[in-house]
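Biologist: I'd like to go through this structure with you. Can we start with the cavities?

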Amino acid sequence: MSATLKPVIDARDHGAVGDGRTLDTAALQRALDAAAGGGTLRLGPGTWRSGSLFMKSGTRLVLEAGAVLRGSTDLADYPLIDTRVSGIEMRWPAALLNAIDAEGVAIEGTGTIDGDGAGFWAAYWRLREAYTPRGLRWASDYDAQRPRLVLVQNVRDAFVGGGLTLRRAGFWTLQLLYSERVKVDGVVIRNNDDGKGPSTDGIDIDSCERVLVRRADIAVNDDAIAIKAGRDADGLRVARPVRRVLVAGCTVREGATGIAFGSETSGGFEHVRVRRLRVAAPVPVGVLFKSARTRGGFARDIRITDVQLDGVAVPLRITLDWNPAFSRAMLPPGE
């Protein structure tokens, strides 16, 4: 081993239990911190229950076969951070696993990251049921704060994959935000194992550059792969496009669409390639371009080739007035 490399870290040496009942957040964070700067944290077989964890530069997290990193079901275990959700910068709960303001990060292995999201989904549906009669259905998306599963934000050089399973996200599954040189290769996403959660996107590529998404196998309840670049005035203020993205050899089994561009289009998209995409029913739309009248943005040099649709009703849909009740929502009188 090179003298500059740190040894492989055992989470149990830092107090983690991995019995599926003990909340291991603090111990796992200590282990991740010990692996920073060139080390590897290996999680062996067991169920490691945790709230939000944060990876620093030069950290490699490996989940071995039989290892499950399972999210806490208590929203208090996910601290508020500065981030972007639905195209708007805001304070929002951190994801279960976060790499933020870092360089050289890897999340891999044949284990599982499990958000245990059914409780967060139920809380959303209760709030939406209460809000809808008041004309506030759209606000439930923001007021029902739910943790994402994995967030890669402002990171340079990241890898996610190697046979990793991501399941039951409370909200979006894997969000790549403001990052560059990111490779996602060989992930299995299963968000419908315990019911169907709202807005459980698979992979969101959000104002990033030089991204490769390859060999993803996805079953979700919203957009399987989404290209995003900011929403309305806030997205125009940030003005960060999506550039140089390749999506190749992916399979979509369930979701609202195989791949979506938008509806957060304000920063624009350019140099995006989609190749060998397989989408099967019950997915209703293969490729979707969606924006809104207030959104702005641009799309340049988008090439989509070799798309196989099995039983999909709509191969390609383009709408520039997507969901106006949400896109141009206003507070009702008295609210």
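Modeller: On a 1 Å grid over the protein atoms alone, a cavity is a set of points where a 1.4 Å probe fits but cannot get out. A volume is the space filled by probe spheres set on the points, which are joined across faces, edges and corners. The model is predicted: local features need pLDDT of at least 70, side-chain atom pairs count only at pLDDT 80 or more, and totals for chains, interfaces and linings use all residues. Residues are numbered from 1 along each chain as its sequence is written, and side-chain values use heavy atoms, with hydrogens and water left out.

Biologist: How many cavities of 30 Å³ or more turn up?

Modeller: One, in a search of the whole structure. The volume of the largest cavity is about 30 Å³.

Biologist: Which residues line the largest cavity?

Modeller: Tyr-78, Leu-96, Gly-115, Pro-147, Arg-148, Leu-149 and Gly-170, where lining means having an atom within 4 Å of a point. The lining has four nonpolar residues, two polar and one charged. Ala, Val, Leu, Ile, Met, Phe, Trp, Tyr, Cys and Pro count as nonpolar, Asp, Glu, Lys and Arg as charged, and the others, Gly among them, as polar.

Biologist: Change of topic. Is Ile-318 buried or exposed?

Modeller: Exposed, because its relative accessible area is 58% (buried is under 20%, exposed over 50%, partly exposed in between, with a 1.4 Å probe and protein chains only). Ile-318 sits in strand 25, residues 314–319 (a strand is a DSSP run of E, at least two residues, numbered from the N terminus).

Biologist: And Val-17, where is that?

Modeller: In the loop between strand 1 (8–10) and strand 2 (19–23). Val-17 is partly exposed, at 35% relative accessible area.

Notes
1 Å grid on protein atoms, 1.4 Å probe; cavity = no way out; pocket = protein on both sides within 12 Å on 5 of 7 lines; lining within 4 Å. Helix = DSSP H or I, 4+ residues; strand = E, 2+ residues; numbered from the N terminus.
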